[in-house]
Amino acid sequence: MQTIELDATDWATPLDFIEALQKALNAPEWCGTNIDAINELMIWGLEAGELAAPYVVSISGVGAAPSEVQEYVALQARCVKDAREEKKARYGTDINVSIKY
């Protein structure tokens, strides 16, 4: 399994997190910047050259980031986990991706 390492130390806003995540996952330029867009990128697939599973996104420095960033990272991690479970329940296939912080 591939580990994608991100450092949250310099993130001032949730958008900084999203942009770093999109870059690391090779998201297309037209990929959205909300929770659903990241779930689509990581779980459902855009079929636009994004990084293929399996992988874990490991984020260091989240505790040093502003609370707004900390909360958004936690929310996105939960939403990815929930979307992964939904895909497994709906289609019987598991996509081995996650966000750890």
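Two strands pair if DSSP finds at least two bridges between them, and strands (E, at least two residues) and helices (H or I, at least four) are DSSP runs numbered from the N terminus. With that in hand, welcome to the close-up views of this predicted model, in which local features need pLDDT of at least 70, side-chain atom pairs count only at pLDDT 80 or more, and totals for chains, interfaces and linings use all residues. Residues are numbered from 1 along each chain as its sequence is written, and side-chain values use heavy atoms, with hydrogens and water left out.

**View A. Three strands form an open sheet in the order β1-β2-β3, with parallel pairing.** The edges are β1 (2-7) and β3 (97-100), each of which pairs on one side only. From one strand to the next, the twist averages 15°; axes here are lines fitted to C-alpha atoms, for helices over the stretch in contact, and angles run from 0 to 180 degrees between N-to-C directions. Strand β2 (residues 55-60) runs parallel to β1 and is joined to β1 by six bridges. Look for D7, whose bridge partner in β2 is S60.

**View B. Two helices lie across strands of the sheet.** Helix α1 lies across β1, β2 and β3, running at about 150° to β1. Helix α3 (residues 67-91) lies across β2 and β3, at about 160° to β3.

**View C. Helices α2 and α3 meet in a right-handed crossing.** A crossing is right-handed if the near helix is turned clockwise from the far one by less than a right angle, and left-handed if anticlockwise. The axes of α2 (residues 35-44) and α3 come within 9 Å and cross at roughly 50°. That makes α2 oblique to α3, since angles under 35 degrees count as roughly parallel, over 145 as roughly antiparallel, 65 to 115 as roughly perpendicular and the rest as oblique. Residues making the contact (heavy atoms within 4.5 Å) include I35, I38 and W44 of α2 and Y72, L75 and Y91 of α3.

**View D. Q22 sits in helix α1 (residues 14-24).** Q22 counts as buried at 10% relative accessibility (buried is under 20% relative accessible area, exposed over 50%, partly exposed in between; 1.4 Å probe, protein chains only). A polar atom of the Q22 side chain lies 2.6 Å from the backbone oxygen of G32. The Q22 side chain also reaches the backbone oxygen of C31, at 3.5 Å. Leaving aside residues up to four places away in sequence, Q22 touches A27, C31, G32, T33 and I38.

Key
A polar contact is a pair of N or O atoms within 3.5 Å; within protein, one must be able to donate a hydrogen and the other to accept it, and residues adjacent in sequence count only if both atoms are side-chain atoms.
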